[in-house]
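Subject: Structure handover

Hello,

Here is the structure I promised to pass on. Please open it alongside this email; my notes follow below.

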Amino acid sequence: MQDTLQTLVGGLSLGAVYALVAMGFSLVYRTMGLVNFAHADIAMIGAYTASTFYLTSELPFAVAMVVAIVITGAIGLVIERVLRPLENKDFDLMLIGTIGFGIVLQALAVIIWGTTGRAVPSPLHSAPLDVLGIRVRTYDLLVMAVAALAVVGLAFFLSRTKRGAAMQAVAMDHEAATAVGIDVGRSNALAFAIGAGLAALAGGLVGPMLYVDASLGGALGIKGFAAAMLGGFGSIHGAVVGGIAIGVLDSYAAGHFQGYSVLVTFLVFTAAIMIRPTGIFGERTVSRA
Amino acid sequence: MKSRLAATGVLVLAAWALPYGLGSYTVHVVNIALIYALLALGMGLAMGVSGQINLAQVAFFGVGAYAVAILTTHYGHGFWLSALLAVLATVVTGLFVGVPALRMQSHYLGIVTLGLALGFINWITNAHLTGGADGISGIPVPTLPGVDLSSEYLYYYLEVVVFALALLFGLFVVHTSLGRRLRAMRDDALAAGAMGAEIPFLRMTAFLLASLYGGLAGVLYSGLIRYVAPETFSIGNMFILLAMVIIGGRRSLVGCVVGAVGLTMVREWLSDFSTYAQLGYGVVVVAMVVFAPTGLAGVPARLRTLYARRRAQQPSRAELRPFTPYTVEERSGPDGVLLSVEGVTQQFRGLRALDEVTLAVHRGEIRGVVGPNGSGKTTLFNVISGFYRATAGTVRFADADTTAARPYTLSLTGLARTFQNLRLFGQLTVRENILVALDRTRAHTIWQYALWQPGVLARERRLRARADDILERYGLVDFAEADPSSLPYGIQRRIEIARAMAARPRLLLLDEPAAGLNGEEVQQLIRIVRSIRDSGTTVILIEHNMGLVMSLCEKVTVLSSGKVIAEGTPQEVVSTPEVIEAYLGDSDPAELGLDTPRSAARPEHAQEATP
């Protein structure tokens, strides 16, 4: 029981990070129907820039995060601009295009930061809390709190602001949105920038939890994608539920199957998604005649 | 033909002579390039030809290579026996990875296959059996009597032979029945299903082909390097493989080979600057998808169209010829009910698109289905043709319960349809569009591809002759090699009907066949539909053009809000008060340009007064 709860707590904090990755991913997907395979590598760049500003420039952790979010947001804008000719046209080509960007970002990371990774110390130095015999690291609590804030913030933006509402409209029908005077290009660019910012947030937060190197994106990304899919593509609350589910699954698999955790995680994930391809909250699927 | 033979001769000669001019290291690189070319072929067959996003190709490669390594070093089997078992193991893995494709497509499939590939990498780096991160060394040299395969020069010949056979087989598949169906599925899986292509089977075939090629590449790799380790099968290499296929041109097998060989060479040449090289591939992939989505293989065709446009030569000789009517078939057998829909309800969440619809269509009938927009006409067609499974009620076609039948089963039992918004296979020529529907062979005849290729070729010849007949009958001869999306709308509509009729259906469903046609084209359509009925095919059509419905249909069913509100001859139907209210609104039918319904317009006594 004790062990189970301990694994659960570990899974929740990692799950919060996956949820952030999945959220950015879902936001871009629902707005422009683009599956951004470079998303994970944007998160990796975010992790590197945050850690660089935190460790090398010795900025406070929060400030370093903001800088990282701004930089990756700019990268997001570039990607969106380059791939714009393909928007709403060829789905598979866009997908491959983002994989191309992923390759570029990984190479850039190696060129800038080298092949050896870095360990980022936790910005919080207080001792782990002891709740009912379960050790809870304060940093894990911070990660969960930040993720929760991001979820609330994003939900507020989408439902309560004019730009957010415009983004929802584009997601539903980009042609109708154009007809009522929404600048679809600008809305997509904004969605992409926010998505990239969320990726950077995830990357920056995961820095002190995992080892930061150029392959971080691979590990973080595929689980983030899996989370988005499990929750239901394009659904924001689905991304949160999916992220936590994958995080917990991952942490149980690591506890019980040690080295084979990735294999087990993906086999379970594949089985789950076979049973329900639309995910938990997914709606829009089946193509019509 | 002669020039093609000569070109093949030159290629064979060049392949034979190549090692003589190369140093031992270059031969090694060529050997690696050939292995990647095999992998790229498999990837091209799955992704480019069949449209199945497969990001597990590198895992197939790994299964082949590791299986050989384990079977030879752990179990002491000979190389060739191990190779055979390894290819089998890879194909089994491929079929397993392909199972999710039955439930999901596109990016979903990409993520799942990538996840499974990661799982495989995770297993080989941790398992004791696979030697963990150190891998397995000491794989024995494959033996061939009289040939020392430890020499890379001689190994090259082994590879070249395997590669050439694999390429030929791939081209053979792509250009015959199976490949045509795969390509049709890629362009439009729904329409392909409606034309009788057994979609689930084809998806598995795509993964079978990809894994077969992956397994072969793995076997050759283990025989060449004689050492396997996890880093060869990394996700990074998966993406490089993807870059090869995209840069070369995913839809052309030759393009995939060019991409693979080219990129392996460049990679080797830039091995001292591997990170910059990686940056380069990434940039090239992005540039390719934006500027040249067809890859290098598509460049000649693009240049040709550019040149043709520059010269402004208009091939104006192409024209739509008149339709040659079918010979009238003396109706044999009873005029029984061919299709009966009984109490069918279709519920989409809150929306009840069809509400207990019941109708029966007799053999040899032309039935019209009319109703305002959103009244459930197309939904009815989708239920009949197996795209939707009715929430309640039964559909019986040709004396069998087909409520739960899949579209391809229905197509094979004699049901064909067209689509409201044209679903031609965009990347296939008009002739190939017809051929897909003509091909009535069941998917299980695929064994012929492995064991009796001449059978495939003979069937292909028969099909082509029949395709020519259909193109001739529908006046489409001039457009046989055209890309359908480049043709005017009216011609595309005609092609859709020709394609549906190529399947020789007993029942033809036409969904708004006159939409967007001009007056003359509508008259042609009326002649075509009459002739189709006279040839023995029953027709149901959805149409908004009331003139056409009035002159063509013997019986009309009117739907409104998912309910049948009237049924009868066109004259009876337009005089039904419910129809006038629901379908025509309360305006006078005469204003809408309809035949004035007798009973509604003329009072009884007036009719008596006129002689």
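Start with A:Ala150, which sits in helix 5 (residues 138-160) of chain A. Keep in mind throughout that this is a predicted model. Is A:Ala150 buried or exposed? A:Ala150 is buried, because 21 C-beta neighbours lie inside 10 Å and the cut-off for buried is 20 or more. Setting aside neighbours within four places in sequence, its contacts are A:Leu20, A:Leu198 and A:Leu201. A:Gly217 is 67 residues away along the chain from A:Ala150, and their C-alpha atoms are 20 Å apart.

Next, confidence in chain A. Its mean pLDDT is 82, with 97% of residues at 70 or more. Watch residues 284-289 of chain A, where pLDDT stays under 50. The model has 8 contacts for that stretch beyond four places in sequence. Where pLDDT is low, predicted coordinates should not be read in detail.

Now the interface between the chains. Here 39 residues of chain A are in contact with 37 residues of chain B. On the chain A side, the elements giving two or more residues are helix 3 (61-83), helix 4 (91-113), helix 9 (216-231) and helix 11 (261-275). Which of them gives the largest share? Helix 4 of chain A does, with 15 residues. By class, the side of chain A that touches chain B has 31 nonpolar, 6 polar and 2 charged residues.

On to chain B as a whole. It has 611 residues, of which 46% count as buried. Its secondary structure comes to 25 helices and 12 strands. The C-alpha trace spans about 105 × 55 × 50 Å along its principal axes. Take the contacts in chain B with a separation of 6 or more: 75% of them join residues 24 or more positions apart.

The domains touch: 24 residues of domain 1 of chain B are in contact with 29 residues of domain 2 of chain B. On the domain 1 side, two or more residues come from each of helix 6 (152-175), helix 7 (177-187), helix 8 (189-194) and helix 9 (199-225) of chain B. Helix 7 of chain B gives the most, with 7 residues. By class, this side of domain 1 of chain B has 13 nonpolar, 5 polar and 6 charged residues.

One helix of chain B is worth a look. Helix 18 (residues 453-473) of chain B has 21 residues. From first C-alpha to last it reaches 31 Å, close to the 30 Å expected at 1.5 Å a residue. Which residues of helix 18 of chain B are buried? They are B:Leu463, B:Ala467 and B:Leu471. These cover an arc of only 80° around the axis, so they lie on the same side of helix 18 of chain B. They pack against helix 16 (430-438) of chain B. On the other side of helix 18 of chain B, the exposed residues are B:Pro454, B:Ala458, B:Arg461, B:Arg462 and B:Ala465. Just after this helix of chain B, B:Gly475 takes a positive phi of about 70°.

That is the handover.

Best wishes

Conventions:
Residues are numbered from 1 along each chain as its sequence is written. Chains are lettered from A and ligands numbered from 1 in the order in which they are written. This is a predicted model: local features need pLDDT of at least 70, side-chain atom pairs count only at pLDDT 80 or more; totals for chains, interfaces and linings use all residues. Two residues are in contact if their C-beta atoms, placed from the backbone, lie within 7 Å. Helices (H or I, at least four residues) and strands (E, at least two) are DSSP runs, numbered from the N terminus. Ala, Val, Leu, Ile, Met, Phe, Trp, Tyr, Cys and Pro count as nonpolar, Asp, Glu, Lys and Arg as charged, and the others, Gly among them, as polar. A residue is buried if 20 or more other C-beta atoms lie within 10 Å of its own, exposed if 12 or fewer, and partly exposed in between; C-beta atoms are placed from the backbone. The expected span of a helix is 1.5 Å times one less than its number of residues. The arc is that of the directions from the helix axis to the C-beta atoms. pLDDT is the predictor's confidence in each residue, from 0 to 100.
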